[in-house]
Amino acid sequence: MGAVKSKRMPRAVREQQMLDAAVRTFGQRGYMAASMDEIAELAGVSKPLVYLYLNSKEDLFTACIRREAKALTEAVRAGVDPALPADRQLWDGLREFFTHTAQNPDGWSVLHLQARTHGEPFAAEVAAMREELVAFVTGLIVVAAREAHRDPDLPEREVAGLAEALVGAAESLAAWANATPGITARQAAATLMNFAWAGLGNLMTGSPWSPPDPPHETSG
């Protein structure tokens, strides 16, 4: 009976089972060490069926990256209410980011560690996800900055670097939080808010930190 049910399982459901098994295997063992035999066994299917559906180990890994990247970006976007103040939007977005990466450690390992260390095209897939997150954060900050400065034409480049820095910090902090027992998603988000919002808050009020003037050079 079990075999009959398996044959009648919709292709989409079976593919998700394969991807679940692949994400777990790639995330825990790494791309190079993971085997298609191990993934097929964990998914409860034959290795030829994995190849039939997903063509190759490279294609399977790419499919994992795309699925996990989509899930992460959708979680962050869904967690943010654009009607709320900028600091609350950022807080909610960070909390969703750290909640998702904590609840899906194998998926985060695939995105943050495995995909980036095995070259193209895997790194390009992660870069696309990162660009989407940076654009989202940039848009969030620039709207608030334009309102604070009463300048609807304030260019995005004024805050784009802050968004890059914030996303980079979130990525590193998520890896640290997942590897550190007892760190909750809320604690990780609060850590980054305390680190970042003081600077962002000053930007909103028109009082950004400025580096000191360079010392005057004297000719010898």
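Biologist: How much space lies in the largest cavity?

Modeller: Rolling a probe the size of a water molecule over the atoms shows where empty space is left. The model here is a predicted one, and about 140 Å³ of space lies in its largest cavity. The structure holds two cavities of 30 Å³ or more.

Biologist: Which residues lie nearest the centre of the largest cavity?

Modeller: They are Val76, Gly93, Leu94, Val137 and Val167, out of a lining of 13 residues. Two or more lining residues come from each of H6, H8 and helix H9 (157–179). H6 gives the most, with five residues.

Biologist: How does the lining of the largest cavity divide by class?

Modeller: Eleven of the lining residues are nonpolar and two are polar, with no charged residues.

Biologist: Which residues line the second largest cavity?

Modeller: The lining is made of Glu68, Leu72, His100, Thr101, Asn104, Gly107, Trp108 and Leu111, around a volume of about 30 Å³. By class, this lining has three nonpolar, four polar and one charged residues. At least two residues each are supplied by helix H5 (57–78), H6 and helix H7 (105–114), and H7 gives the most, with three.

Biologist: Is H7 mostly covered or mostly open to the outside?

Modeller: H7 is mostly covered, with seven of its ten residues buried. The buried residues are Gly107, Trp108, Ser109, Val110, Leu111, His112 and Gln114. Gly107, Trp108 and Leu111 also belong to the lining of the second largest cavity.

Biologist: Let us turn to open space. How many residues line the second largest pocket?

Modeller: This pocket is lined by 13 residues, and Leu84, Ala86, Gln89, Ala144 and Glu147 lie nearest its centre. About 170 Å³ of space lies in the second largest pocket. Helix H6 (86–103), helix H8 (122–149) and helix H10 (185–204) each supply at least two of the lining residues. H8 gives the most, with five. The lining holds nine nonpolar, two polar and two charged residues.

Biologist: How should I read burial along a helix, and which residues of H9 are buried?

Modeller: An α-helix has 3.6 residues a turn, so residues three or four places apart point the same way. In H9, the buried residues are Val159, Ala163, Leu166, Val167, Gly168, Ala170, Glu171, Leu173, Ala174 and Ala177. One of them, Val167, is also among the residues nearest the centre of the largest cavity.

Biologist: What span should H9 have, and how far apart are its end C-alpha atoms?

Modeller: The 23 residues of H9, at 1.5 Å a residue, should span 33 Å. The end C-alpha atoms of H9 are 34 Å apart, which agrees.

Biologist: Which residues have the most contacts inside the largest nonpolar core?

Modeller: In soluble globular proteins, nonpolar side chains tend to be buried together. Here the largest nonpolar core has 61 residues, and Phe26, Leu60, Phe97 and Phe98 have the most contacts inside it. H8 contributes the largest share of this core, twelve residues. Setting aside residues up to four places away in sequence, leucine 60 touches Leu19, Ala22, Phe26, Met36, Ile39, Val50 and Leu54.

Biologist: Why is threonine 99 classed as partly exposed rather than buried?

Modeller: A residue counts as buried under 20% relative accessible area. Threonine 99 has a relative accessible area of 22%, so it is partly exposed. This threonine lies in helix H6. Threonine 99 and leucine 72 are 27 residues apart in sequence, yet 9.9 Å apart in space, C-alpha to C-alpha.

Biologist: What is the phi of asparagine 55, and where is this residue placed?

Modeller: Phi of asparagine 55 is near 70°, a positive value in a residue other than glycine. Asparagine 55 sits in the loop between helix H4 (47–54) and H5. The residue is exposed, with a relative accessible area of 55%.

Biologist: Finally, how many helices and strands does the protein have?

Modeller: The secondary structure comes to ten helices and zero strands. Of the 220 residues, 40% count as buried. Among contacts with a separation of 6 or more, 67% are between residues 24 or more positions apart.

Technical notes:
Residues are numbered from 1 along each chain as its sequence is written. This is a predicted model: local features need pLDDT of at least 70, side-chain atom pairs count only at pLDDT 80 or more; totals for chains, interfaces and linings use all residues. Side-chain values use heavy atoms; hydrogens and water are left out. On a 1 Å grid over the protein atoms alone, a cavity is a set of points where a 1.4 Å probe fits but cannot get out, and a pocket is an open set with protein on both sides within 12 Å along at least five of seven lines; lining residues have an atom within 4 Å of a point. Grid points are joined across faces, edges and corners, and a volume is the space filled by probe spheres set on the points. Helices (H or I, at least four residues) and strands (E, at least two) are DSSP runs, numbered from the N terminus. Ala, Val, Leu, Ile, Met, Phe, Trp, Tyr, Cys and Pro count as nonpolar, Asp, Glu, Lys and Arg as charged, and the others, Gly among them, as polar. The expected span of a helix is 1.5 Å times one less than its number of residues. Buried means under 20% relative accessible area, exposed over 50%, partly exposed in between (1.4 Å probe, protein chains only). A nonpolar core is a set of buried Ala, Val, Leu, Ile, Met, Phe, Trp, Tyr and Cys residues joined through side-chain atoms within 4.5 Å. Contact means heavy atoms within 4.5 Å.
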